[in-house]
Amino acid sequence: MQLVLEKRAERSNTIALVSPLIAIGLTIATMVILFAILGKNPLLALHAYFIAPLTDGYSLQEIAVKATPLVMIAIGLSLCYLANAWNIGAEGQFLIGAVAGSWIAVKTQGTDAGAWVLPAMLVLATAAGALYALIPAICKVKFGASEILTSLMLVYVADLFLDYLVRGPWRDPHGFNFPTTAEFDPVATVPLLIEGGRLHLGSIIALLVVAAAAILLGRTIKGFEIRVVGAAPRAARFGGFNANQLVILTFAISGALAGLAGIIEVAGPVGHLQPGISPGYGFTAIIVAFLGRLNPLGILIAGLFLALTFIGGEQAQIAMKIPLDVTKVFQGILLFYVLACDSLILYRFKLVFPNRQVARGAG
């Protein structure tokens, strides 16, 4: 007797809907085992991760703050993935956007510049992220290079470039030799929505991005083109859709959103440019995109859930001395289960009895 995967005659919509819930359930079950191995009470650990942050107003604000870059980046990635273009380098585009926007903040530091500074930072960061994402897109279209490898390698270029700037020409001369720029002027920071908290205007921008993506995919020809090119490339060619142009477009939009998220993070919660501005938002957003079924509303929900794991991980570290890296383990296990469960959309398990098949063949 063998257990094999058999291709379904048609896609299972039921499995497609419940697959994220199954993946989350399996991930939590695995984490219970991991907590037990670490010598921690699994129930208390799960409470610290998923319940405690929801009972405090400040923590709820922090969840929204963490979800903002995750949702914005994941929306852009979902457009790429729907078009069968694999942008893995959103982390680098996030960093380049942060660097480009910060250039204006650094150059206008202490000059009493006007209200134009923040909009200019947002525009420049968006453009820089888009241009940086076009590098792997053009390499794919013109030279057939793998966009997975090129976009991923460019993450390290962006990271090292940021590190050079804050340790060299942009270092704050009054910062006690720490690798950071000076604090941005008020005109170069994202306005807060709630006094005394950290919830900022970027969260509203993220919601607008979700709404725009929903309209694009659900009510426009270009959204239909994105879906067709990704789902049925041959039919798309017969329909006159240009897959290469779509690769360029989706990469540019994805990079633009990642760059915009980068400067919002720097000009919002952080307040200056420094190494480590991202705890891996660009990579975690990949999980958010797939957990949200590449659907804008699903991505919003998934982004809030992954943000909850960030905040819960910090609280678990303080309350139970659980290493913060366990959060990354949780996210990695979740991605594994999401992809594994997604295979059941097109395949199903089947028991095969080789001996019976042989006997029937001999008869």
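Modeller: Arg 293 is found in the loop between α11 and α12 (helices are DSSP runs of H or I of at least four residues, strands are runs of E of at least two, and both are numbered from the N terminus). The model is predicted, so local features need pLDDT of at least 70 and side-chain atom pairs count only at pLDDT 80 or more, whereas totals for chains, interfaces and linings use all residues. Residues are numbered from 1 along each chain as its sequence is written, and side-chain values use heavy atoms, with hydrogens and water left out.

Arg 293 is not a glycine, yet it has a positive phi of about 60°. Its relative accessibility of 28% makes Arg 293 partly exposed (buried is under 20% relative accessible area, exposed is over 50%, and partly exposed lies in between, with a 1.4 Å probe and protein chains only). Phe 176 likewise has a positive phi, of about 55°, without being a glycine. Phe 176 belongs to the loop between α6 (147–167) and α7 (202–219), and with a relative accessible area of 76% it is exposed.

Helices α1 (13–37), α3 (57–82) and α13 (325–346) each contribute at least two residues to the lining. The greatest share comes from α13, with 5 residues. By class, the lining comprises 11 nonpolar, 4 polar and 3 charged residues (Ala, Val, Leu, Ile, Met, Phe, Trp, Tyr, Cys and Pro are nonpolar, Asp, Glu, Lys and Arg are charged, and the others, Gly among them, are polar).

The model has 12 aromatic pairs (rings of Phe, Tyr and Trp, the last by its six-membered ring, with centres within 6.5 Å; planes under 30 degrees apart are stacked, over 60 edge-to-face, and the rest tilted). In one of the pairs, Tyr 281 and Phe 310 are edge-to-face, 6.1 Å centre to centre with 70° between the planes. Tyr 281 is in helix α11 (residues 281–291) and Phe 310 in helix α12 (residues 296–320), so this pair ties together parts that are 29 residues apart in sequence. Both Tyr 281 and Phe 310 are buried. Over the face of Phe 310 lies Lys 66, 5.5 Å from the ring centre (the rule asks for NZ of Lys or CZ of Arg within 6 Å of the centre and within 35 degrees of the ring normal). Elsewhere, Phe 35, Tyr 49, Phe 50, Phe 305 and Phe 330 make up one aromatic cluster.

Helix α3, which supplies part of the pocket lining, also holds Leu 77. Leu 77 is buried, at 0% relative accessibility.

As for cysteines, the whole structure contains 0 disulfides (pairs of cysteine sulfur atoms within 2.5 Å). The sulfur closest to that of Cys 139 is in Cys 80, 15 Å away and therefore too far for a bond. Cys 139 is partly exposed at 23% relative accessibility, whereas Cys 341 is buried, with a relative accessible area of 7%.
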